[in-house]
Protein chains: 4
Amino acid sequence: MKNNTLKIAIVGSSGYTGGELYRILLHHPGAVVTVVTSEKSAGKPITDIFPHLLGLTDLVCEPLDPASIAKKADLAFLALPHVTAQEAAFQLHKQGVKVVDLSADHRLADPALYETWYEHCHQHPELLKSAVYGLPELHRERIRKASLIANPGCYPTSAILGLAPVVAKKMIDVGTIVVDSKSGVSGAGRSPALAYHYPEANEGFMAYKVGTHRHTPEIEQELSLLADASVTLSFTPHLVPMTRGILSTIYAKLSVPADTGTLHNLFQEFYRNEPFVRLLPLGQFPNVRNVRGSNFCDIGVHADGRTGRAVIVTAIDNLVKGASGQAVQNMNLMMGYEETAGLKFAGLFP
Amino acid sequence: MKNNTLKIAIVGSSGYTGGELYRILLHHPGAVVTVVTSEKSAGKPITDIFPHLLGLTDLVCEPLDPASIAKKADLAFLALPHVTAQEAAFQLHKQGVKVVDLSADHRLADPALYETWYEHCHQHPELLKSAVYGLPELHRERIRKASLIANPGCYPTSAILGLAPVVAKKMIDVGTIVVDSKSGVSGAGRSPALAYHYPEANEGFMAYKVGTHRHTPEIEQELSLLADASVTLSFTPHLVPMTRGILSTIYAKLSVPADTGTLHNLFQEFYRNEPFVRLLPLGQFPNVRNVRGSNFCDIGVHADGRTGRAVIVTAIDNLVKGASGQAVQNMNLMMGYEETAGLKFAGLFP
Amino acid sequence: MKNNTLKIAIVGSSGYTGGELYRILLHHPGAVVTVVTSEKSAGKPITDIFPHLLGLTDLVCEPLDPASIAKKADLAFLALPHVTAQEAAFQLHKQGVKVVDLSADHRLADPALYETWYEHCHQHPELLKSAVYGLPELHRERIRKASLIANPGCYPTSAILGLAPVVAKKMIDVGTIVVDSKSGVSGAGRSPALAYHYPEANEGFMAYKVGTHRHTPEIEQELSLLADASVTLSFTPHLVPMTRGILSTIYAKLSVPADTGTLHNLFQEFYRNEPFVRLLPLGQFPNVRNVRGSNFCDIGVHADGRTGRAVIVTAIDNLVKGASGQAVQNMNLMMGYEETAGLKFAGLFP
Amino acid sequence: MKNNTLKIAIVGSSGYTGGELYRILLHHPGAVVTVVTSEKSAGKPITDIFPHLLGLTDLVCEPLDPASIAKKADLAFLALPHVTAQEAAFQLHKQGVKVVDLSADHRLADPALYETWYEHCHQHPELLKSAVYGLPELHRERIRKASLIANPGCYPTSAILGLAPVVAKKMIDVGTIVVDSKSGVSGAGRSPALAYHYPEANEGFMAYKVGTHRHTPEIEQELSLLADASVTLSFTPHLVPMTRGILSTIYAKLSVPADTGTLHNLFQEFYRNEPFVRLLPLGQFPNVRNVRGSNFCDIGVHADGRTGRAVIVTAIDNLVKGASGQAVQNMNLMMGYEETAGLKFAGLFP
């Protein structure tokens, strides 16, 4: 480890986003994981939980102890369940550790909204003011200066990146937005349950939490900021029999006449300098298999003359751009690294 | 074979809908398959093409010869590609054989619309007048008297059954309909191609033919009839890494105030006597795994107070209620059998 | 229900074999399910557990009460975990209810062997004497007269059917047998656990319980009877990322010179009259997809001149011929029905 | 590009091994791809064939022209079909380009054996003498000095690494070896065909080329060298419904008494310094999901007291350690790089 190497803690490392943080950071040019915590697996090597890392690390899991982490790490990724993350963020923040929270706990700026959707009173609402919503494509400069990042949800990342250009440029009627999203099963986490038991999930496909999913207010918050108006939209998540990936199909009425070429140009302009947004060539639409394991968000657009609607399709890997990759991207911005450091790897195809 | 047994020809029997017709008819109480045709496999036992039928049939494939079929069969199912089906339907119909056409060739009543979407001039447009669109839930009485049935497309079946109650009862603004459909790969047929090659389709998910899929006018035709007004809608098909099943998620603005209970009651009333439509209990949404291998269409509904939209989710097996099962249901109606004869079997779960 | 209809109890109906029994019996010409038991779901409709049966049954789950079952049913299928099945079999048997036990509790004739492999002392060893191992291809006549059937394990069914001809006809050296078996995940049952969590099982493949799987003594017992000598063999199960199916690849040294034709003839002769064994044409090997949902066992054979080994490959659906279908086949034999009654349906392909 | 950067050609870059070479080499510290060839896609960007590489490369495919390649590249990977690779290897070799041939064309030292199994007369048998079989664990020193590497087949890599320790140390009776291998569908290449069509391969499992697969002589050649005796064995490949991975389950009679601990120690000793072989802890067995996307070979061992057999299980990613990763490992050795350069990345889990 070089003197200037950034020391990293992965807090709550036994889930898929924890494992994915580890995979990515192994190859980061300037950061190294020094602490991994897991209550259940404290004392055990991380490779007991993640045998694919065998031979690549000797780290042993510790219980979550903010003081101990503060001694060993400069920045902590919180891969904890929501609610649980609040206290951990608070303690680590107090000790001067920079925090990227992958849970939902610091995404909604309004604590009342948090309470409505998450059915818990936020324990540290004052922290919400300093937390920055970590979508670099929208908040890059604020992220650079932040000490607490609310890493976006997987569905919101796919929805907001698809809608930002047309909402910001007032191309659509924001009262007509429908976001139909489809996620691989890893999005449900690593805890076994009947719905994710292989014989039940395999060869199955369903919508769930129709009209009630907790990622809805997060999408609406960010789009409302962009629209400078209150946005309410329909969002329906679905479970796909695959491990990774989110594809969102987004519909909205065009408020100004536009053909597909115009729409495509708008996106091209908007994302011109973005290292992780790939606007596909005119007429092409994304497939989650092409972003698997990578930090890219692929986008395809269509302006439908028959119905006057824009149809926008986005694809991300829910565990990378939708979670751990984006978290590292935020880390890079916060700590002054090249934004793409350790992240510009190709996905795994096939 | 009893004297009054109905004799059946499966024309173009080497694809998945042909095989599925065979599977279903094996257990039909009053019908028996007497002819199977396949140009490529003429002279070979049908079990060479479908090894799962080994031990259950000795039939040998024949080339397509309408005169020969007319001698051996009372009714023919056409499991041919579109365009090809036109001449076969015409010849068989002329010879007095009843026809259920599983292709798209007789679904659109307007030959000009057919030409626009299918890029072929219809060769026998006069037949379109006598053809009946074979969705029993909408056209049962006309089907009973028909000699040529246009068996509905798989996507249209899932879309129309989800929308019929609210369109017929004027509950929604028909200008706001979005149909987001997801299909298993068997919907693409049995011809190998790169997009359906296992390593490409597996762990992949994509939208395709965005705004341009040929099932669009078929859905619009039937909804326009129900609405007594011209309906134009957005329809996006997606490819799911699973073999069977279509799930359609349907969105439309409610034109009259309604909560989920009201919507649920409306569907209950509309489908009260339907043997193959299962409205799920309030608050539940369908999963394609529960209709796999069966002729059921499962439906769940939600009225979203936040957005004023109805969200309707339907699930069918694309090869059964979306093709061969519905074709047999139509046969039952045409030939005076109990509508459910040979069709009320449970799906295969898991 | 006709007067002479056989009344059936499914005891422990919430797992996959319970659901599959239900699916099969729905279409049985002479039997009807009158009782379903489930401790966890007592009082709930069976369709809460198995939504694919919606519209096909109104039965409500009951707690397991042998006296109550005896009043309502002539025959009980036990789809209980091993150990638990012992007392249920004993009580039902005492009350005059015929029993087909799908658990492992009555398969090993020797209670000491049971104790060694299952680490439990058998509570009713006297019942083991009257229990018949329910593999109709080997014990048809004894099954007809039995009142307690030990329904074979899924792996043993696939292994024994592949080896019976060559062992019975002394074609192989029984000291050289290797059985390499691969099973879909439904074989692990319906209880969620990390190894069967979709993202862990999907795109995974592993051997498990190498050299220690409990189905080993069951295979050896039956082959020893056939060989009239003690048979010890290597058996390795594997977990395949699919829902249904077992494929067993079996190796043994030929003890007499034979080419593939000779071997094929031997199998043809041995299984000539078997309704559910399909010997594939010379040179062809089975695929589990061709038996999915059906009661068939497909077999392919090869005599390898280079190595002097026979290679035999068998495929079954683990939940049908490997469990519930075979259980109904046993019921048919015990109760005097046609052996194939309700069972000669085609599998589901694709 | 630095002055001392190694320039690489990927010849036949449109298949999965070509894409995988590209993915790996993108992150190699000392090599850069300068030429990609594809007859079918000449003139098109490589990202048309591999959309997952979008944004990571601008290379355009060229037709195969050895003289042109020799100008632009120091080393060529041949990802061509067998037979085709012979002439390309010959021409490139003649022009002084180092060659790693991923096809089967230079693996068998004996041209007669090649002709027997591949049914083609070898066009440049003289080259076979200088070709080195590129399994670094066995031939590291010869690889360092080679200019033409025969990159091992995927199945042979998994089989030979599992057997090398026990064969070299004379622990088993080499007349009793059975190798039962299971591969993901990407092993069949990228050309669509019915057996690999998604609805046919999904939920399917089969053995194929029983007793006749062309990888058999390659395994026997290497084991015969190790045993210093002629080895003949049974090898059966199977197709698993997953994209990547090979698991081989290997059986052989122990020729000296040994328990699992002894066997484990032997493997530990044999592979002590191997960077890409991971012997799992005693009692654990590999799963292909833990090597997905990585260059590791995981191994588990069992000595079965009941049968006197060793059971050895190995897992690799067929496209990485079984093809492109191993090819880069060979390149590293040939060109004097650190053997693990660009290869010590973690696999993708889940």
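**View 1. Helix α12 of chain B, residues 320–335, in a predicted model.** Helix α12(B) counts 16 residues, yet its end C-alpha atoms are only 19 Å apart, whereas a straight helix at 1.5 Å a residue would reach 22 Å. That expected span is 1.5 Å times one less than the number of residues. Helices here are DSSP runs of H or I with at least four residues, strands are runs of E with at least two, and both are numbered from the N terminus. A kink of about 45° is centred on Q326(B); the bend at a residue is the angle between axes fitted to the seven residues ending there and the seven starting there. Of the 16 residues of α12(B), 15 are buried (20 or more other C-beta atoms within 10 Å of the residue's own, with C-beta atoms placed from the backbone). G336(B), just after the helix, has a positive phi of about 80°.

Residues are numbered from 1 along each chain as its sequence is written, and chains are lettered from A and ligands numbered from 1 in the order in which they are written. The model is predicted: local features need pLDDT of at least 70, side-chain atom pairs count only at pLDDT 80 or more, and totals for chains, interfaces and linings use all residues.

**View 2. The two assigned domains of chain A.** Domain 1 covers 6–130 and domain 2 covers 155–318, with bounds from an automatic or database domain assignment. Their centres, taken over C-alpha atoms, are 27 Å apart. The contact involves 9 residues of domain 1 and 7 residues of domain 2 (C-beta atoms, placed from the backbone, within 7 Å). On the domain 1 side, helix α5(A), residues 111–118, gives the most, with 3 residues. That side holds 7 nonpolar residues, 1 polar and 1 charged (nonpolar: Ala, Val, Leu, Ile, Met, Phe, Trp, Tyr, Cys and Pro; charged: Asp, Glu, Lys and Arg; polar: the others, Gly among them).

**View 3. An open sheet of 7 strands in chain A.** The strand order is β8-β9-β7-β10-β13-β12-β11, with mixed pairing; two strands pair if DSSP finds at least two bridges between them. At the edges, β8 (206–207) and β11 (277–279) each pair on one side only. β8(A) runs antiparallel to β9(A), residues 234–240, over 2 bridges. A207(A) stands opposite H238(A) in β9(A).

**View 4. The side of chain B that touches chain A.** Here 39 residues of chain B are in contact with 39 residues of chain A. Elements of chain B that each supply at least two residues include β7 (178–184), α9 (198–201) and β10 (246–253). The chain B side comprises 19 nonpolar, 11 polar and 9 charged residues.

Note on methods: A residue is buried if 20 or more other C-beta atoms lie within 10 Å of its own, exposed if 12 or fewer, and partly exposed in between; C-beta atoms are placed from the backbone. Two residues are in contact if their C-beta atoms, placed from the backbone, lie within 7 Å.
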